[in-house]
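Work through the exercises below with the coordinates open. Each task is followed by a stepwise solution.

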Amino acid sequence: MNDVMTTPASVDFGRRVYRIGPAHRPVMMVDAGSLLICTALWAATVLLAFYAVTTGSAQVSLTESLRALIGQGDAYTTMVVAQWRAPRTLLAVLLGACLAISGSIFQNLTDNPLGSPDVIGFQTGSFTGALIVMLILRGGATATMAGALIGGLITALVVFMLSVKRGAVRGVRLIIIGIGVSAMLASVNVWIQLTATVEDAIMAGLWGAGNLSGVTWMTLLAAVISSAALLLGAMLLARPMRLMRIGVPFATALGQRVRTVQVTAVIIGVGLTALATATVGPISFIALAAPQIARRLVPSDGLAIGPTAAVGALLLLVADVVAQRIHPDTPLPVGIVTVCIGGLYFLWLLIRENKRK
């Protein structure tokens with residue numbers, strides 16, 4: 001081991017493992033295969049983002065798009081490429097990563113692939129909080145984001161309290177109760193929209209379908225600032241939650257405060273979902289599928305932050321590109337595309353879990 005740690009960074013290609021870190025500190029092990037897959041996923045995301053920014057229904061050539069990106073385009077080209085397409089594409093990448101990590105957190109907490117915030121009601125609760133602020137309290141963007149966070153946290157608290165049995169939360173029980181709470185909140189959401197004015201109801205309906213249109217650089221900046229602390233918190237949770245996957249008694253024996261980790265994980269997971277919901281409306285499927293796809297590509301215990309974020313970013317960007325181009329004259333909200341795909345994936349998961357039992 002001393003020979004291995006004599007250099008700041010070394011690579012053992014025989015075991016396909018990177019050793020990274022200075023000689024006087026513990027070595028961080030990074031599997032080369034995982035690194036390669038993550039690199040490929042992010043490369044695909046970058047290429048698709050470039051395609052999304054430089055193509056579309058507006059008649060702008062590739063050369064004009066590139067000139068607009070470097071600040072040398074005319075007013076029309078700059079508006080289409082730099083002001084409309086670019087922030088929308090970057091926000092899709094950011095929110096896709098946020099939703100995927102949120103799904104990974106709750107799937108690890110429940111130890112169940114169905115334990116994602118859009119299945120167990122937390123996303124619906126965030127939508128309820130946002131609708132109350134938007135349509136009843138007439139709050140602005142900041143107040144809507146706060147309402148979405150509060151709504152998600154209250155929903156999470158109710159679901160977890162109802163799921164406790166004999167001092168413990170069972171994954172399957174939590175999911176079933178979460179689905180029931182989500183159904184009730186969905187009815188509340190419909191009632192709120194029906195009691196609003198026609199204009200407000202149409203606006204809320206479009207927003208409720210998960211819509212990335214109309215995104216500006218200010219919207220993107222607010223999302224980046226809001227997500228920074230939550231994503232950092234998720235990264236810090238990676239090791240404690242990996243220990244909890246081995247076993248709560250094992251984690252407790254190592255001095256880990258299990259209850260504190262669980263509460264912190266719920267707050268961060270709900271916060272990431274609430275951020276996406278408050279910014280562009282509820283977007284389903286990403287939080288459900290991205291962590292499972294990432295684990296199949298890169299077998300790993302715990303949150304698997306890198307591959308999960310990469311898969312989520314790519315999935316939401318693909319869905320947005322499809323939503324814009326499937327019918328260019330009347331583009332679809334991205335949430336409709338993700339729900340269509342997610343419904344099929346959800347059925348496949350249910351059939352797979354049933355066969356296991």
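Buried means under 20% relative accessible area, exposed over 50% and partly exposed in between, with a 1.4 Å probe and protein chains only. The model is predicted: local features need pLDDT of at least 70, side-chain atom pairs count only at pLDDT 80 or more, and totals for chains, interfaces and linings use all residues. Residues are numbered from 1 along each chain as its sequence is written, and side-chain values use heavy atoms, with hydrogens and water left out.

**Exercise 1.** Decide whether Ser116 is buried or exposed, and list what Ser116 touches.

Step 1. Ser116 is found in the loop between α3 (75-110) and α4 (122-136); helices are DSSP runs (H or I, at least four residues), numbered from the N terminus.
Step 2. The relative accessible area of Ser116 is 0%, so Ser116 is buried.
Step 3. Leaving out residues up to four places away in sequence, Ser116 touches Phe106, Gln107, Ala287 and Leu288 (contact: heavy atoms within 4.5 Å).

**Exercise 2.** Classify the ring pair of Phe127 and Trp207.

Step 1. Rings of Phe, Tyr and Trp (its six-membered ring) pair if their centres lie within 6.5 Å; planes under 30 degrees apart count as stacked, over 60 as edge-to-face and the rest as tilted.
Step 2. Three aromatic pairs are found in the whole structure.
Step 3. For Phe127 and Trp207 the centres are 5.5 Å apart and the planes at 45°, so this pair is tilted.
Step 4. Phe127 lies in helix α4 and Trp207 in helix α7 (residues 198-208), so the pair ties together parts 80 residues apart in sequence.
Step 5. Phe127 counts as buried at 9% relative accessibility, and Trp207 counts as buried at 13%.

Conventions:
Helix = DSSP H or I, 4+ residues; strand = E, 2+ residues; numbered from the N terminus.
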